[in-house]
Amino acid sequence: MAGTGDGEWVFMATGRSPTNIAVIKYWGKRDEALILPVNDSISVTLDPDHLSATTTVAVSPSFSSDRMWLNGNEISLSGGRFQSCLREIRKRARDVEDEKKGIKIKKEDWEKLHVHIASYNNFPTAAGLASSAAGFACLVFTLGKLMNVKEDYGELSSIARQGSGSACRSIYGGFVKWCMGKNHDGSDSIAVQLADEAHWNDLVIIIAVVSSKQKETSSTSGMRDSVETSPLLQYRAQTIVPNRVLKMEEAIKSRNFESFARIISLVEKWNHSEGTPQVAYTFDAGPNAVLVAPNRKNAALLLQKLIYYFPPQDNDLSSYMVGDKSILSDAGLNSIEDVEALPAPAEMKTLNQKFKGDVSYFICSRLGAGPKVVTDESLALLDPVAGLPKGV
């Protein structure tokens, strides 16, 4: 191991990974330690510009222990899930050399070196929007880049799975399937990409954030309770899900929105009034609704209906929409006066009933790519000299 300044050097890598929303859910584990699911699942990866985790990982001989900061607050790395990811990536580390910085790290040195990790989510953490999926995928991806890991994305997804099950799906963009696998060691429980983000790029995703607070019941606890108490869980996993997975794969392959929507459920009244699905919806583990429209025209109509019933609490339309704000213009909503002028949706029997304040804000997104290296060093979350979060 060599470096400039008598070993006082810091070597860093920064990455960004998207979140994903499952359209066929993973719920329940057959192995808690390895995080092996009881069924296959399928998800859509969202645009990382709108929902993602950014992680900077640094290594230095001056670091005395592994440390991590999440959204500016230091957290413990002693948990088994963090340790599994660190251990598996270190096992696969290779020689690294940065001639410009005069840094050379041998494969065998990685076990002796400690890392500092800083991660930031640009959306609510632990609120049911798969923040742990983005976070652990980003951690594994960025550690792999730092340590020159050469394993393919399938292998990386298997490691990310050991941090958070759905994190394996955030290793890829577009539509992703997490294969439950059959091996006891979890070696075949990996993610595979069904189609990339360009395959069905007309889709628009709108998320109604009802609450950005941390969930009262974590996904881990909820799954454990379901496995222990629900006699229907195994029936779902063994009988219902396999057939739906096949239908969903075909719907994605053929870009059949009607089939896609009917598999994951419908926004009932609008779809019924039109006679064919206009929008589909799903929920992750939290209270926030994820709505999928087949194109921007339908997304704009959907937004008009949503904002009619759920207008902004403080009349600030700009901050009420996060992500792709241009959808507001598509919907003809350029001011609060436009909101007030919206007609009541024709398909609703109860007119003039509004629920101001029930939705905190909306997020508009689309299908996105998988993890990427962030090459702009100014965007790193750690100071390049001290290896500590910037501003600390």
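Residues are numbered from 1 along each chain as its sequence is written, and side-chain values use heavy atoms, with hydrogens and water left out. Because the model is predicted, local features need pLDDT of at least 70 and side-chain atom pairs count only at pLDDT 80 or more, whereas totals for chains, interfaces and linings use all residues.

The chain is divided into domain 1 (11-196) and domain 2 (205-366), with bounds that come from an automatic or database domain assignment. The C-alpha centres of domain 1 and domain 2 lie 28 Å apart. Helices (H or I, at least four residues) and strands (E, at least two) are DSSP runs, numbered from the N terminus. Two strands are taken to pair if DSSP finds at least two bridges between them.

An open sheet of 6 strands, with mixed pairing, has the order β8-β7-β11-β6-β1-β19. Its edge strands are β8 (73-75) and β19 (372-373), each of which pairs on one side only. Within this sheet, β7 (residues 67-70) and β11 (residues 114-121) run parallel and are joined by 4 bridges; M68 stands opposite I117 in β11. Helix α1 (residues 80-91) lies across β7, β8 and β11 and runs at about 125° to β11. Helix α2 lies across β1 (11-18), β6 (52-60), β11 and β19, at about 145° to β1.

For residues 86-113, the unreviewed UniProt entry lists a "coiled-coil region". UniProt positions are given in the numbering used here, feature names are shortened, and annotations may be inferred rather than shown by experiment. In the model, the span 86-113 is 21% helix and 21% strand, and its end C-alpha atoms lie 12 Å apart.

A second open sheet has 5 strands in the order β15-β16-β14-β18-β17, again with mixed pairing. Strands β15 (280-283) and β17 (321-323) stand at the edges with a single partner strand each, so one side of each is left without a neighbour in the sheet. On average, neighbouring strands of this sheet are turned by 25° against each other, direction ignored. Strands β14 (residues 204-209) and β18 (residues 361-365) run antiparallel and are joined by 5 bridges, and I206 has C364 as its bridge partner in β18. Helix α8 (residues 296-309) lies across β14, β16 (289-293), β17 and β18, running at about 15° to β14.

A search of the whole structure finds 11 aromatic pairs. Rings of Phe, Tyr and Trp (its six-membered ring) pair if their centres lie within 6.5 Å; planes under 30 degrees apart count as stacked, over 60 as edge-to-face and the rest as tilted. F141 and Y153 form an edge-to-face pair, at 6.4 Å centre to centre and with 90° between the planes. This pair links distant parts of the chain, 12 residues apart: F141 is in helix α2 (residues 131-146) and Y153 in helix α3 (residues 153-161). F141 is buried, with a relative accessible area of 3%, whereas Y153 counts as partly exposed at 32%; buried means under 20% relative accessible area, exposed over 50%, and partly exposed in between (1.4 Å probe, protein chains only). The rings of Y153 and Y172 have their centres 5.8 Å apart and their planes at 65°, so this pair is also edge-to-face. Y172 lies in the loop between α3 and β12 (175-178), so the pair ties together parts that are 19 residues apart in sequence. Y172 counts as buried, at 16% relative accessibility. Elsewhere, ring pairs link F175, W200, F257 and F260 into a cluster.

Most residues other than glycine have a negative phi. R255, which is not a glycine, has a positive phi near 55°. R255 is found in the loop between α5 (233-254) and α6 (257-264) and is partly exposed, with a relative accessible area of 49%. N315, also not a glycine, has a positive phi of about 65°. N315 sits in the loop between α8 and α9 (317-320) and is partly exposed at 41% relative accessible area.

Technical notes:
Axes fitted to C-alpha atoms, helices over the stretch in contact; angles between N-to-C directions. Contact = heavy atoms within 4.5 Å.
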